[in-house]
Amino acid sequence: MSRFYDFIKQFGLDKIEDYIFVKTLNNGSALSALSALSALYKNDSNLVVVKFLICPRNNIELERFKLEYSVLYINKINSFYVGEGYELDPRAFHGPEESYPLPKIIITYKECGYGFISYFGYKYMEGELLSEINSTKMSIDEKCYLVHRVSSALSYFNLSGYSHRDLHPNNILLLPEPQMASNDYQQNNPKVIILDMGSCQRN
């Protein structure tokens, strides 16, 4: 497989819950700079992206990793305040289900190796990063449509109660078959996922 797979297997992380390691998604063969890495895991037909933080260099790096998990796990568009805290409820999101703008947690945050490794997992979504799109061959109408999709998704994201603070094309995932015919943002279905919440801040 890869050096990263050999590494995590020593900690029993080639299988997490009932998900089996499939492949690394970024820099998985480079263990010279242990940091945040992602891998794809599967269970039958379900796919999960597991994010790892290995040997954090300082408390800031660890806290950013935990922050990302906490924001994805519970926020103002996936939960309701019930008096003693927030309770998860999909009815909190007032938009098309397919356009919920954040990855959905599947594997809760855990640590192993006496805190040497931290990880959590979210649902894998097939799509294309904005950074991978060649806009030079697009018509003006296609470019406007793309801007409309992303801005509509950011309208949904802003309702989460957080400001991203590190938004760039590598952190914007475009899913297939959007529907953007309406001027009402709550009816638009941009199917855009905003990634990497490690630098976000509560509004």
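How many salt bridges does the count come to?

1. Basis of the note. The structure discussed here is a predicted model. Every value in this note should be read with that in mind.

2. The sheet. Six strands make up an open sheet, in the order E1-E2-E3-E4-E8-E7, and the pairing is antiparallel. Its edge strands are E1 (15-16) and E7, each of which pairs on one side only.

3. Strands E4 and E8. Strand E4, residues 46-54, pairs with strand E8, residues 117-123, in the antiparallel sense, and 7 bridges join the two. Leu-53 has Ser-118 in E8 as its bridge partner, while Val-49 stands opposite Tyr-122 in E8.

4. Strands E7 and E8. These strands run antiparallel and are joined by 5 bridges. Lys-110 stands opposite Tyr-119 in E8. E7 and E8 form a hairpin, with 4 residues between the two strands. In the turn, Gly-113 has a positive phi of about 60°.

5. Setting of E8. Helix H2, residues 59-73, lies across E4, E7 and E8 and runs at about 155° to E7.

6. Salt bridges. The count comes to 4 salt bridges. One of them joins the side chains of Lys-110 and Glu-17, at 3.2 Å from N to O. This pair links distant parts of the chain, the two residues being 93 residues apart: Lys-110 belongs to strand E7, and Glu-17 to the loop between E1 and strand E2 (19-24). Lys-110 counts as partly exposed because its relative accessibility is 29%. Glu-17 also counts as partly exposed, at 47% relative accessibility.

7. Glu-61 and Arg-57. A salt bridge is also formed by Glu-61 with Arg-57, where the closest N and O atoms are 2.6 Å apart. Glu-61 counts as buried because its relative accessibility is 14%, under the 20% cut-off. Arg-57, by contrast, is exposed, with a relative accessible area of 65%, over the 50% cut-off.

8. Arg-91 and Asp-89. Which residue does the side chain of Arg-91 meet in a salt bridge? The partner is Asp-89, at 2.6 Å from N to O. The two side chains also make a polar contact, listed at 2.6 Å. Arg-91 is exposed, since its relative accessible area is 62%, whereas Asp-89 is buried, with a relative accessible area of 12%.

9. Position of Arg-91. The residue is found in the loop between strand E6 (86-88) and strand E7 (105-112). Arg-91 and Ile-77 are 14 residues apart in sequence, and their C-alpha atoms are 8.4 Å apart in space.

10. Position of His-168. This residue is found in the loop between strand E10 (162-163) and strand E11 (172-174). His-168 is partly exposed because its relative accessible area is 29%, which lies between the cut-offs of 20% and 50%. The C-alpha atoms of His-168 and Ile-106 are separated by 25 Å, and the two residues are 62 residues apart along the chain.

Notes:
Residues numbered from 1 in each chain as written. Predicted model: local features only at pLDDT ≥ 70, side-chain atom pairs only at ≥ 80, totals over all residues. Heavy atoms only, no water. Polar contact = N/O pair within 3.5 Å; in protein donor to acceptor, adjacent residues only side chain to side chain. Pairing = 2+ DSSP bridges. Contact = heavy atoms within 4.5 Å. Axes fitted to C-alpha atoms, helices over the stretch in contact; angles between N-to-C directions. Buried < 20%, exposed > 50% of the residue type's maximum accessible area, 1.4 Å probe, protein only.
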